[in-house]
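Subject: Structure for you to look through

Dear colleague,

After it I describe what was found, term by term.

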Amino acid sequence: MVDKDPALNDVAPKSPRFYGRRKGRPLRKSMKRRLDEFLPEFVFDPSVCPNIQFGRHSDCYLEIGFGGGEHLAGLAAAMPDCDFIGAEPYINGVASLLRYIDERELGNIRIWPDDARLILPNIDTASLAGAYIMFPDPWPKRRHAARRILQPALLDQLAKIIRPGGRLVLASDDPTAKSWLLQTTIAHFGFVWTARRPADWRQRPADLPETRYMKKAERAERQSSWFQFRRCEGQVQAIREETPKI
Ligand SMILES: C[S@@+](CC[C@H](N)C(=O)[O-])C[C@H]1O[C@@H](n2cnc3c(N)ncnc32)[C@H](O)[C@@H]1O
């Protein structure tokens, strides 16, 4: 809601603007039913500590922009002892992830069906084992650079919530996005790029699931890159952009 007093608008923290799609084709009946029945069960509650929501103390990972959820579901199935929070505002993608959860009986995923940036301030310092941003929208035009999800302010937040030694994985098949992801993250004090040789970014890390999107990129001869970073020791000095706690 816009505050009527312009002076107050200047000081009130602003919600980030989301530029993607929230809706796609009309959902099939079965998808709608899953949203109605399962989303309340699997929805992430930012006001409750993840350990309580998952009912255990475990390594917890965040995936920002899970799309159709294939990667997130693959991770959750391969790592049953870990827990996963997935954020995605595209409701068709949320419905698709719920189908994987249902079919593979995955109990270790919670879904935030909205902008990931809204929940980051609610996640405790150093409480995550890692985060993934896979094939984010590239926004290749320079004048759209501010729309790219990975920004120094997002890295500040991730550096705060990922524990020292934790992992940040970024991937893309788009040349502009690859340079952006790599340069922006290398420039951030909170993360160290772990690559030693080209194979470390040219080959998919063995523990990450292959998705249909990755196969499609390969068939179209688009070279994907995977950039792995480690959260280094040390404190986060300041968060650049205040997002209100919800
Ligand atoms: C190009 S798609 C990639 C989807 C998926 N990661 C994959 O590899 O197929 C990028 C996704 O990021 C999502 N996204 C963009 N901004 C986001 C944000 N602020 N929070 C959460 N998801 C976001 C979009 O809705 C979209 O589904």
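Around the ligand there are 22 residues, and the closest of them are Gly20, Gly65, Gly67, Ala116 and Phe135, where a residue is near a molecule if its C-beta atom, placed from the backbone, lies within 6 Å of it. Sorted by class, this shell holds 12 nonpolar, six polar and four charged residues; here Ala, Val, Leu, Ile, Met, Phe, Trp, Tyr, Cys and Pro count as nonpolar, Asp, Glu, Lys and Arg as charged, and the others, Gly among them, as polar.

Two notes on reading the model belong here. Residues are numbered from 1 along each chain as its sequence is written. The model is predicted, and local features need pLDDT of at least 70, side-chain atom pairs count only at pLDDT 80 or more, while totals for chains, interfaces and linings use all residues.

Next comes the sheet. It is open and has seven strands in the order β3-β2-β1-β4-β5-β7-β6, with mixed pairing; strands (E, at least two residues) and helices (H or I, at least four) are DSSP runs numbered from the N terminus, and two strands pair if DSSP finds at least two bridges between them. Because β3 and β6 (191-193) stand at the edges with a single partner strand each, one side of each has no neighbour in the sheet. From one strand to the next the twist averages 20 degrees. Strand β6 pairs with β7 (residues 225-231) in the antiparallel sense over three bridges, and Phe191 has Arg231 in β7 as its bridge partner. By contrast, β1 and β2 run parallel and are joined by five bridges, with Ile64 opposite Ala87 in β2.

Is β2 buried or exposed? Five of its five residues are buried, which by definition means that 20 or more other C-beta atoms lie within 10 Å of the residue's own, whereas 12 or fewer make a residue exposed and values in between partly exposed, with C-beta atoms placed from the backbone. Both faces of β2 are covered, with Asp83, Ile85 and Ala87 on one side and Phe84 and Gly86 on the other.

Helix α4 (residues 70-78) has the buried residues Glu70, His71, Leu72, Ala73, Leu75 and Ala76, and what covers them includes β1 (60-64), β2 (83-87), α5 (91-104), β3 (109-112), β4 (128-134) and α9 (212-219). Leu72, leaving aside neighbours within four places in sequence, is in contact with Glu63, Phe66, Phe84, Gly86, Leu97 and Ile109, contact meaning that the two C-beta atoms, placed from the backbone, lie within 7 Å. Leu72 is also among the residues that touch the most other members of the largest nonpolar core, which has 50 residues; such a core is a set of buried Ala, Val, Leu, Ile, Met, Phe, Trp, Tyr and Cys residues joined through C-beta atoms within 7 Å.

Finally, two backbone details deserve a look. Most residues other than glycine have a negative phi. Phe135, however, has a positive phi of about 50 degrees and lies in the loop between β4 and α6 (152-161), where Phe135 counts as partly exposed because 19 C-beta neighbours lie inside 10 Å. Ala126, in the loop between β3 and β4, has a phi near 55 degrees, and Ala126 is partly exposed, with 17 other C-beta atoms within 10 Å.

With best wishes

Conventions
Axes fitted to C-alpha atoms, helices over the stretch in contact; angles between N-to-C directions.
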